Amino acid sequence: MATRRAFLGTALALALDAWCPAAATAAGTRVALERLQPGLYVARASNAEAMRANVGAVVPSLVHVTSAGVLVVDPGPHAAWGRALLGAIRALTAQPVRWVVNTHAHPENVLANAAFAGLRPRPRFLASPATAALMRQRCEDCLARLGAQLGSAAMRGTAIVLPEPALRDGAWLHTGGTAWQVQVHAPAHSTSDTVLYAPQLRLLCAGGLGYRERVPEMQEASLQGWRQALRQLIALPADIVVASATGTPAQTLVPTLAYLDALAHGIGAALAAGRDASQAAEAVAAAPFRHWRHFATRHPLNLQRAWRQLEDAWLQGEPPA
Ligand SMILES: [Zn+2]
């Protein structure tokens, strides 16, 4: 196991070092797949928020090649990326893509469904009932919003493809000889976050729940729900996590929880001491996270959101976090 861990660490370090945003351009999107284990790959992606400079390529899509077909989790932000991902899969295997899973209804994760919808046989597009319902409600708006962020050229040919509401908490998804336990955490990073866990691979596919050296996005998050989800995930035997970035649990889940705990503990103590929201920044011990990407822009927004949520709970008689 130690040897395998070392190999994974090296492979991941190489994947991160070798990433160059210039490799993905609106004119010719390319996707590189890094091997994690035999048959298991992640797409190289920028560990950043979606913006023109990275063409929205910020989700390390998981690709699992099996003798029964290929599983893709979170195919990415738009049709061009999805087509490039499909090209990279085709370079690996002739197996058909049979399952496309959407972990949560954020546009950079799901809008590349479009590139897989024309395949024959058509893959099954799968999500939790809540994620499927949210995508039905708001993918039009999300498409427009991501187009405004990335430029309309990046979104060309991106149609909305909705998933089946088939992934239920506690169910199992079988891809050839691999069994994936489905967990649905709702609410957490978003209104509903689906996790796929393969115990025999010691692999967690955690969607938006894990970040690495980057301040988490909490625009729709439940602070307490996300902390609870992370505590459950950290307790699982796993060597590798594929989420907003790829790494070990200690590189992804543990620091993400530490950040959310710092928000909860700092703000909880400030509320108990009778402070107000203008003192939120001083209340939270953020020094360990100051070097994380997007700290200057994302952390103040997170402070506001966390304060509102904990203050509401406090007013309803819940003890400070
Ligand atoms: Zn997300």
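Before I point at any residues, let me say that two strands are taken to pair if DSSP finds at least two bridges between them, and that strands (E, at least two residues) and helices (H or I, at least four) are DSSP runs, numbered from the N terminus. With that in place, valine 101 stands opposite leucine 126 in β6, and β5 and β6 pair in the parallel sense over three bridges.

A word on provenance: this is a predicted model, in which local features need pLDDT of at least 70 and side-chain atom pairs count only at pLDDT 80 or more, while totals for chains, interfaces and linings use all residues. Residues are numbered from 1 along each chain as its sequence is written, and side-chain values use heavy atoms, with hydrogens and water left out.

Now to the protein as a whole, which has eight helices and twelve strands. Its radius of gyration, taken over C-alpha atoms, is 19 Å, close to the 20 Å that the globule rule gives for 321 residues, so the protein is as compact as a globular protein of that length; the rule itself is 2.2 Å times the number of residues to the power 0.38. Buried residues, meaning those under 20% relative accessible area with a 1.4 Å probe and protein chains only, make up 57% of the 321 residues.

Let me return to the sheet that I began with. Six strands form this open sheet, in the order β1-β2-β3-β4-β5-β6, with mixed pairing. Its edge strands are β1 (33-37) and β6 (124-126), each of which pairs on one side only.

Further in, strand β3 (residues 62-66) is mostly covered, since four of its five residues are buried. On one hand, strand β2 (residues 40-43) pairs with β3 in the antiparallel sense over three bridges, and leucine 40 has histidine 64 in β3 as its bridge partner. On the other hand, β3 pairs with strand β4 (residues 69-73), again antiparallel, over five bridges, with valine 72 in β4 as the bridge partner of valine 63. A hairpin joins β3 to β4 through two residues.

Which residues coordinate the zinc ion? They are His104 (NE2), His106 (ND1) and His189 (NE2), at 2.1 to 2.2 Å, where donors are N, O and S atoms within 2.8 Å of the metal (3.2 Å for Na, K and Ca), and where water is not among the atoms, so sites may look incomplete. Along the chain the donors follow the spacing H-x1-H-x82-H. Distant parts of the chain are linked here, with histidine 106 in the loop between β5 (97-101) and α3 (107-110), and histidine 189, 83 residues apart from it, in the loop between β8 (178-185) and β9 (193-198). Histidine 106 counts as buried because its relative accessibility is 11%, and histidine 189 is buried too, at 3%.

Finally, helix α8 (residues 295-315) has 21 residues that should span 30 Å, and its end C-alpha atoms are 29 Å apart, which agrees; the expected span is 1.5 Å times one less than the number of residues. Its buried residues, among them Phe295, Trp307 and Leu310, pack against α5 (223-234), α6 (253-272) and α7 (280-283). After α8 comes glycine 317, whose phi is positive, near 95°.

Definitions and conventions
Buried < 20%, exposed > 50% of the residue type's maximum accessible area, 1.4 Å probe, protein only. Contact = heavy atoms within 4.5 Å.
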